[in-house]
Amino acid sequence: MNHPYDDIIDLPHHVSKRHPQMSMYNRAAQFAPFAALTEHDAAITEAARLTDAEHELSESDAEVLNRKLEYILQNLKDNISVEVEYFQPDDKKEGGSYRTKTGYVKKSDPLAGNLVMDDGSLIQIRYIKDIKGNCFDEPTF
């Protein structure tokens, strides 16, 4: 049976005398996947990243928290050591994460709504969920 390529099937592989042979690395590179979507991997990773939803405080918990904040702000000069639990909203997507900061409150910035901690970090008052410390007698607060 005759095939259309029978006349060339046994010929030797052509090697150019003008052009150098391509390296195996360069030959493989031409078959690499096309990277038209350069940000695609980053977008997939970002979409897979989980965030927590912010939980609202009950009225009684909010009242206790307000009393604790007032106490701390009235006694700033005493450098009261506290552990502040707060919600940090995510910059890129809905939700965020709960964080804890330990130290003492250096000052309050009422216009910006921030507490300034001893290490210079800022905590937005509206995101504070709880404050713990040795100075708080739980039945009083």
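How many residues lie between β2 and β3 in their hairpin, and which residue in the turn has a positive phi? The structure is a predicted model, in which local features need pLDDT of at least 70, side-chain atom pairs count only at pLDDT 80 or more, and totals for chains, interfaces and linings use all residues. Residues are numbered from 1 along each chain as its sequence is written, and side-chain values use heavy atoms, with hydrogens and water left out.

The hairpin of β2 and β3 has 4 residues between its strands, and G113 in the turn has a positive phi of about 75°. Helices (H or I, at least four residues) and strands (E, at least two) are DSSP runs, numbered from the N terminus. Two strands pair if DSSP finds at least two bridges between them. Strand β2 (residues 96–109) runs antiparallel to β3 and is joined to it by 4 bridges; V105 stands opposite M117 of β3. Strand β3 also pairs with β4 (residues 122–124), again in the antiparallel sense, over 3 bridges. Here V116 has L122 in β4 as its bridge partner. The hairpin of β3 and β4 likewise has 4 residues between the strands, and G120 takes a positive phi near 90°.

In a regular strand the side chains alternate between the two faces of the sheet. In β3, N114 and V116 on one side are buried, as are L115 and M117 on the other, so both faces are covered. Buried means under 20% relative accessible area, exposed over 50%, and partly exposed in between (1.4 Å probe, protein chains only).

A nonpolar core is a set of buried Ala, Val, Leu, Ile, Met, Phe, Trp, Tyr and Cys residues joined through side-chain atoms within 4.5 Å. The largest one holds 14 residues, of which V82, V84, I128 and I131 touch the most other members. At least two residues of this core come from each of α3 (59–74), β1 (81–89), β3 (114–117) and β5 (128–132). Beyond its neighbours within four places in sequence, I131 is in contact (heavy atoms within 4.5 Å) with L65, K68, L69, I72, V82, E83, V84 and F136.

The loop between α3 and β1 contains N75 and N79. N75 is buried, with a relative accessible area of 16%, and its side chain reaches the backbone oxygen of Y71 at 2.7 Å. N79 is partly exposed, at 43% relative accessible area. Most residues other than glycine have a negative phi. N79 is not a glycine, yet its phi is positive, at about 45°.

Conventions. A polar contact is a pair of N or O atoms within 3.5 Å; within protein, one must be able to donate a hydrogen and the other to accept it, and residues adjacent in sequence count only if both atoms are side-chain atoms.
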